[in-house]
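Dear colleague,

Please find the structure we spoke about below, with my notes after it.

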Amino acid sequence: MFSATRTGSWSSLPVEMKLSIVDQLDLDDVRTFAKVNRESYNLSIPSLFRTVNLASAEALHQYAASVPKPYNRHIRQLTICTKRAHQSAPGSEPIRASDDLAEILPHCTQLEQLTLSLAASLAKAVIPCFEHLLSLHSLCIDHCGDEARSPLSERLVVSIAASVPSLRQLSLDRITRSAMHAPDLLGARPFVPVVKGDDDIPDHPTLGRELRLPSLLRLPTLQKLRIRDTHLGDPQWETMPVYCSLEVLDLGSCYHESNDYNRVCTERIMGNIGHTVDECALNTALTSQTFAHAKHTEKPLKKLRKIHLTPLFPVENVVDTLTTLSDSPVESLSVQCHEDDVVDMCSALEDFLNLRAERGEKGFYEHLNEISVSTVADLSDALDIGVGAKKREQEALSGEGADAVRRLQEYCRDLRLQSATPASTTAAAAPLKETSDVASEKPAAIPGQTRVRAATEA
C-alpha cells in the first residue's frame, strides 16, 4: 500500500496567515483579489481601508453614508477635504461636513495620521470625537476656504488638538485668530482677519478658556509643530508655560504683517521653546534678540542641528541669521529658493563660507557637514519638515543657476572643503554633479568637510 501526501491549499490556511499574505500585496492586486469571492473581499478589507483619501465634500458625504462603520477601524491614514468638487445647485440639500465627520471618526480606533483640509469651520460637536482617537499621533489641519468669509478659528483648532490623547506631530495652515484672544486686531491696521462668535466653544478640561495658539505649548506629548500662513502675534507665545519638548519647529509668517513684525514673532517663540529644538525651518531673519527673549536657564537653540531656509527667507539676511545661530551645533543647512534667486542665494552662501573660513572652523559651524540648495516652482512645493514632509521629483538646474552652484562647489574646494557628490555615492572624491535628491540619505560626514548639493523641485 502507499499513502498519498496531502498538499496544503488556500482554503486550509488559517485566517491570520491569509490576512498576512494579502497584506503583502500591492493595492492594485488587493483590489483584483477582492473581486474573486466573498471571502476574498472580507480578507481584503483591512488592506483596502488602511489608507483612505476623501478629496471633496461630496466624497466625504458618500463615504459616510455608504461605507459600513466597522470598516473604519482599519484606517491608519485618513485624508479629508471638505471643499465641494462642484458648485451646489439651487435648492439642493447642503452637505454638512461636521455631521459626516462625526459619523466616521469615532470608529477610526487605529487611526495614526489625519489630514483635514477644511473649506469652513466645523461644528463644536465634532470636538469630542477626537478624544477617542487613542492611536492618532500626527494631525494636519489646513484651511482651504476663504479666510474672510469662512475663517477657521484658533479656538476650534486648539481644542481639537488638545483633545487628541497622544498627539506628537501637529501642522496648521491659515488658522485665524479669535477676537476673544486678539481684541487689539479688531478694526486696526493692517486689518488681519479675526474670528468673532467662537466664544461658545466649550472649555477644555486642561486648557480651560485659554484656547489660543500659544496654549499648544501646554500639550505634553507634542514633539513637532508646524504653523504656516498664520498670525503669530499673540504675546503669550513668550510667556506661556512649556510642557512639551519640541524637537522640530517650522514657523511661517503672516502675509498681512511686515517682515520685521514676523521676525519679532519668530524670535519671541524661539526664545521660549528653542532650548529643546533639534530642527527648524525659517521664513524670517533672526537677530541676537532671539536670545534676549529666552525664558530658560538653558541657552536657546543649544541642540539645533538642522536649519531649513524656505523660499520666503530674505537672501540679504542669510549671513546675519546664520551668524546669530553660530553657537548651535548645526550639522546640516538646507536652502530653498525660486530659480531666479539661485544666483543671489549661492553668493550669500559663499559669503557665509568665507566668514566661516576667516573665523576658523573651530567654534564657528565646526559641525557643519552639508549644504543643500534646491529650487521650487511655487511656494506650495516648498519642502515641509517633520510634519507632512513630502518627497518630490528632482530636476537638474540649468543656465545661470547651474553656474552659480558650480561656483559655490568650486569655492568649497578652494576652502579645502568636500565637493558635492551624488546622493547615491559614498566616495568622498566622486565626480561633481549639479543635481541630487535633497531628501536622500547622506553619506557619512568627514570631519571638517562640507558637501554642497543642488536640486530643482518640479
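Glu147 lies in the loop between strand E4 and helix H6 (154–163), where helices (H or I, at least four residues) and strands (E, at least two) are DSSP runs numbered from the N terminus. This is a predicted model, in which local features need pLDDT of at least 70 and side-chain atom pairs count only at pLDDT 80 or more, while totals for chains, interfaces and linings use all residues. Residues are numbered from 1 along each chain as its sequence is written, and side-chain values use heavy atoms, with hydrogens and water left out.

Glu147 has a relative accessible area of 10% and is therefore buried (under 20%, with exposed over 50% and partly exposed in between, using a 1.4 Å probe and protein chains only). Leaving aside residues up to four places away in sequence, Glu147 touches Arg174, Ile175, Thr176, Pro193, Tyr255 and His256, a contact being heavy atoms within 4.5 Å. Its side chain also makes a polar contact of 3.0 Å with the side chain of Thr176 (a pair of N or O atoms within 3.5 Å; within protein, one must be able to donate a hydrogen and the other to accept it, and residues adjacent in sequence count only if both atoms are side-chain atoms).

Arg174, one of the residues that Glu147 touches, sits in the loop between strand E5 (169–173) and E6, and has a positive phi of about 60° although it is not a glycine. At 21% relative accessibility, Arg174 counts as partly exposed.

Finally, a cis peptide bond, with omega about 10°, joins Arg189 and Pro190, and Pro190 is placed in the loop between strands E6 (177–178) and E7 (194–195).

Best regards
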